[in-house]
Each structure stands twice: as C-alpha cells, then as structure tokens.
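Good morning, and thank you for coming.

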Amino acid sequence: MVNCPECETEIDLPEDTIQNEILDCPTCGLELEVVDLNPAEVDLAPEEEEDWGE
Amino acid sequence: MKVNLGILASRIRVEEKLLIKEAEERREINLTLVDPRKLIWDRSQLSELDVLLDREISQSRAYHVMELLSGSSVNLVNDFRTVQLCGDKAFTSVKLKKYGIPIPDFRVAFDRNSALRAVEELGYPVVLKPVDGSWGRMVAKITNREAAEATIEHKSNLDSRFHSIYYLQEYIETNNKDIRAFVVGNDVIGAAYRESDHWITNAARGGESKPYPLTDRLERIVTETSGIFGGAALAVDLLESDRGLLINEINCSMEFKESMKVIDGDIPERLLDYTIQQAQVSEEVARNQCPA
C-alpha cells in the first residue's frame, strides 16, 4: 500500500509491480513512478522531456 | 547456456513490463534491468551482459549508452548507428532516399531564410518537424506563406540546438491515417492502421489502431528498409499515397501498446526472440574466430 504524493489516495500495488513502473493515481490521475519496492514507495513520475520518444 | 540480457529503461511502461515478463518466463535468460539514471559509466559494469535491448525513453541517454557500448562485447539491439539514424529524421530520409526507398519529398535547412525558401520549393501545405522529435510533438502543418514565416520565426527562437535544423516534408493527404509496421530483421511481425480525427495520427496523440492485413508490397518495402538499417528491430511508419506506400518515419525503440491490440503476432515475444538471436549469432561468430 502506498499513498499518492499529490492527493494522498491509498493505492494497492499489484503483486507483479516492477521497480520504475509507471501507474496512474486512480483519484487525481497523475502519473506516478514506483521508486522503491521494499518498502513500496511512489513519487510523481518525471514530466515529459523534449528528447523523449521512440 | 544462459543468455545475459539487459533491458535499458528508466521508465517501465506497458511495453517494458510485457518484455520483462516474457524474459522472466524464459529459462535461457538471466535478466538485468539497467536504469540509465542510476548508471555511472564504467564499462565493467555492463560487461557481464551478452546483449542489451534499448527501451530507454530518453533518446539522449539511449544514444550515449549505446555509443559507449559500441565495440564492446555487449551486443546491442539496436546498434548505435541504427539508433542515431532513426533518431534524426534528416538522417533517416537521406539514408532512405540514397537507397531508392519511396518517401515523401523533403528538405533540410540550417537557417530560417533557407527554411522559408525550402518551404516555397516544396509548396503548401508542408510539414515542419523537429529532427529529433517523437509523438507528433511540435510538428506543424503549414498552409501558407504567412504561417510559414511565423512558425519558422517561433522555431528559430527555441532553445534546443535541434531547433536550428529545419526538417521540412511534403504533406501527404492520407485522410488522417497512417500505417505502423513492426519488423525484426527480415520478418514483419504485423502492421496496423493508426486513425485519428487529426492529421497527426500518433498513438500518443489519440490515434486509434485498426487492423491492416499484411500485403506483399508492404512486407517488401519494410524488410528492404530494415535491411538498409542493419537488419534491425524497427517500427516503420508508412503513408498511403497516389505514388504507393511511402516510408514516413522509422522508430528504433518501438512502442506497440496500441498496435498489439489489433496485430496477431506477439510483438514482445518476437522482439525478445530477435534480441536473444543477436547475442547467439555473435557468440557463434566469436567461436568460429577463436577455435578451442
């Protein structure tokens, strides 16, 4: 269980969550990054940068 | 014998998660996740890898890691030259034109006045793109001289060094759709239409994937393109025109979340197969060069 750093909603991370995984807060919709798994911790995901892409 | 596979990624999206799951299910793979944000360059840190699959979202980081590993024992998917070519639309177009692959007409200019002359040469509408952009970011369809002057002036005042290069492309009327095809080496995995209400059809901008049955002409042009880019793993974007299929852009760190909904081929599985094959081919070459 983690809390959204923006709206503090409690979020249950699925068992197969991976470090650095991106997820959306179900309440405020912000993108979050799983920055640690032990213990679980999320932070606001980095904002899109100009060199991002495929 | 196990293959030591690294996946280079700072951001685990749906695509990376699928690739990681696929890799973890395979007994022949030892998987290492390489987050470039945590990396302090020291070649020995990655020398345990047989192959590194680039899934990094930052093109600058991907360029540098792949270049630093070029010539090392780590095989790269894709290699630095391919990453460099695909990462710059001017380089991509010049390369494709050299090999006679059909593409929209284009110009590259290095000054705002030259850019305006290039626009007039191509005629209206014309598309102005950053050479290094993705996801339809800062792409402009210019329909007349006044808009060209304003857009080019604005661009000339942007900070990034890449905005001093003006990549201009003939506008192809496609009724707001293009085709994305996925290829690994000589094998086309599948293709999908991307349709939108907007002339920019990128999935990141809301483009919706629809089935596109593979045709001989599509397979031919896509495998030929892959060959020119070193037999790489690519997502090739194509436009349907009255001149036939044209290659629009090539992506070397393919996003496939939306397309895979309508493609039969298993993209993560095939991409991983290809990646492991690159490690094994190289191992075989090394064995042949240094007999026991």
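This is a predicted model: local features need pLDDT of at least 70, side-chain atom pairs count only at pLDDT 80 or more; totals for chains, interfaces and linings use all residues.

Chain B is divided into three parts: domain 1 covers residues 3–86, domain 2 covers 105–170, and domain 3 covers 177–271.

Let us begin with domain 2 of chain B and domain 3 of chain B. Their C-alpha centres lie 25 Å apart. Eleven residues of domain 2 of chain B touch nine residues of domain 3 of chain B. Between them, these two domains bury about 790 Å², with 43% of that area on carbon and sulfur atoms. Which residues of domain 2 of chain B lose the most area to domain 3 of chain B? They are B:Trp135, B:Gly136 and B:Lys141, which together account for 52% of what that side buries.

The rule finds two salt bridges across the interface of domain 2 of chain B and domain 3 of chain B. A salt bridge joins B:Lys129 to B:Glu249, and the closest N and O atoms of that pair are 2.8 Å apart. Six residue pairs are in polar contact between domain 2 of chain B and domain 3 of chain B, counting pairs with both residues at pLDDT 80 or more. On the side of domain 2 of chain B that touches domain 3 of chain B, the elements giving two or more residues are β6 (126–129), β7 (140–142) and β8 (166–170) of chain B. The residues of that side comprise four nonpolar, two polar and five charged.

Next, the interface between the chains. Here 29 residues of chain B are in contact with 18 residues of chain A. The area buried between chain B and chain A is about 2,000 Å², and carbon and sulfur atoms give 40% of it. In chain B, the residues that lose the most area to chain A are B:Arg11, B:Ile12 and B:Lys17, together 31% of what that side buries.

How many salt bridges does the rule find across the interface of chain B and chain A? The count is seven. A:Asp16 forms a salt bridge with B:Lys21, where the closest N and O atoms are 2.9 Å apart. Between chain B and chain A, 21 residue pairs are in polar contact, both residues being at pLDDT 80 or more. On the side of chain B that touches chain A, α1 (14–25) and α2 (59–69) of chain B are the elements that give two or more residues. The residues of that side divide into nine nonpolar, nine polar and eleven charged.

I close with two local details. Over all chains, the count comes to three aromatic pairs. The rings of B:Tyr171 and B:Trp199 have centres 5.9 Å apart and planes at 75°, so this pair is edge-to-face. The pair links distant parts of the chain, with B:Tyr171 in the loop between β8 and β9 (177–184) of chain B and B:Trp199 in the loop between β10 (187–195) and β11 (208–211) of chain B, 28 residues apart.

The second detail is B:Thr223, which is found in helix α7 (residues 216–228) of chain B. A polar atom of the side chain of B:Thr223 lies 2.7 Å from the backbone oxygen of B:Glu219. Leaving aside neighbours within four places in sequence, B:Thr223 is in contact with B:Asn186 and B:Val188. B:Thr223 and B:Tyr212 are eleven residues apart in sequence, and their C-alpha atoms are 17 Å apart in space.

Key
Residues are numbered from 1 along each chain as its sequence is written. Chains are lettered from A and ligands numbered from 1 in the order in which they are written. Side-chain values use heavy atoms; hydrogens and water are left out. Domain bounds come from an automatic or database domain assignment. Contact means heavy atoms within 4.5 Å. Buried area is the accessible area (1.4 Å probe) that two parts lose on being put together, summed over both. A salt bridge is a side-chain nitrogen of Lys or Arg within 4 Å of a carboxyl oxygen of Asp or Glu. A polar contact is a pair of N or O atoms within 3.5 Å; within protein, one must be able to donate a hydrogen and the other to accept it, and residues adjacent in sequence count only if both atoms are side-chain atoms. Helices (H or I, at least four residues) and strands (E, at least two) are DSSP runs, numbered from the N terminus. Ala, Val, Leu, Ile, Met, Phe, Trp, Tyr, Cys and Pro count as nonpolar, Asp, Glu, Lys and Arg as charged, and the others, Gly among them, as polar. Rings of Phe, Tyr and Trp (its six-membered ring) pair if their centres lie within 6.5 Å; planes under 30 degrees apart count as stacked, over 60 as edge-to-face and the rest as tilted.
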